[in-house]
Amino acid sequence: MAVVHRLTSRDRIGQCGGTIVSSRWVLTAGHCAADFPRKFLVVFGINDKSGIKYDFVVGPGVSMITTNVVIHPEYSASINDIALLYMPRDIPFSSSIQPIKLAGYAYESFADKTAFVIGWGKDKMFNSDTRRLKYATLPIISNSQCKQYWQISNAHICTAPGLGKDACQGDSGGPLVVVENGQDIQVGIVSYGDAYCPSNFPGAFTRVSSFKRWIESVTSSENSFQTAGY
């Protein structure tokens, strides 16, 4: 898990999360990266954000600043809501800094499976952002159930509403994770939901498996960022 702050001015940030997918790339939501300026502070290896200042970190954690971002070419609001941030140097893997395994190519609904949504966002709409990393346990629902609330496609995955817990503001870009055979697998990226979170509407996530080939095409070469001209 990584902190992703878009640096907008000396007193304002856009707060999101992300996950490490390789030694140079961080996966996040498209809406976290689409606005300008596209300059990001990315912090690895922390649970507590208390040491994060505007564009640097005091205390534990590894921080990097990047202006290199690849947003899905067909991104539009809640559609194809996915982006990749390219780090200026290799991410130093350790016991607390590791890439996550992504869901495979094959479509799997994951309906009725238990998932974890993770982030530093608000507990409720009018609360402050949290300083410590938190998670909520939520069952995944079928897309047919989710379509009763939102206009989604097969490239989305949703969690159950009305349980008094959900992703909220500040959690965008973070992961939806299931555990299979003892291994964490990222199946979704926090995309959108009801602003009055938690609520009686499902949480909607970008379905990772629908974009696995796009992710691999962007991250496949060590020099792919420069080669592709992004």
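A: Let us begin with one side chain, that of Thr206, which reaches the backbone oxygen of Asp81 at 2.8 Å. This comes from a predicted model, in which local features need pLDDT of at least 70 and side-chain atom pairs count only at pLDDT 80 or more, while totals for chains, interfaces and linings use all residues. Residues are numbered from 1 along each chain as its sequence is written, and side-chain values use heavy atoms, with hydrogens and water left out.

Q: Ok, and is Thr206 buried or exposed?
A: Thr206 is buried, with a relative accessible area of 2%, where buried means under 20%, exposed means over 50% and partly exposed is in between (1.4 Å probe, protein chains only). Thr206 lies in strand β14, residues 203-207; strands (E, at least two residues) and helices (H or I, at least four) are DSSP runs, numbered from the N terminus.

Q: Which residues does Thr206 touch?
A: Leaving out residues up to four places away in sequence, the residues that Thr206 touches include Asp81, Ile82, Ala155, Val187 and Phe211, and contact here means heavy atoms within 4.5 Å.

Q: Changing topic, how is the protein divided into domains?
A: Domain 1 covers 2-99 + 212-220 and domain 2 covers 101-209, with bounds that come from an automatic or database domain assignment. Taken over C-alpha atoms, the centres of the two domains are 19 Å apart.

Q: How much area is buried between them?
A: About 2100 Å² is buried between domain 1 and domain 2, and carbon and sulfur atoms give 53% of that; buried area is the accessible area (1.4 Å probe) that two parts lose on being put together, summed over both. Of the area that domain 1 buries against domain 2, Gln15, Asn47 and Lys212 supply 29%, more than any other three residues.

Q: How many salt bridges cross that interface?
A: The rule finds one salt bridge across the interface of domain 1 and domain 2, a salt bridge being a side-chain nitrogen of Lys or Arg within 4 Å of a carboxyl oxygen of Asp or Glu. The side chains of Arg132 and Asp48 meet in a salt bridge, at 3.5 Å from N to O.

Q: Then where is Ala77, and what is its phi?
A: Ala77 is in the loop between β6 (69-71) and β7 (83-86), and its phi is near 50 degrees, a positive value in a residue other than glycine. Ala77 is exposed, with a relative accessible area of 52%.

Q: And what about Phe110, buried or exposed?
A: Phe110 is buried, with a relative accessible area of 7%. Phe110 is found in the loop between β8 (101-102) and β9 (114-119), and its phi is near 60 degrees, again a positive value in a residue other than glycine.

Conventions. Polar contact = N/O pair within 3.5 Å; in protein donor to acceptor, adjacent residues only side chain to side chain.
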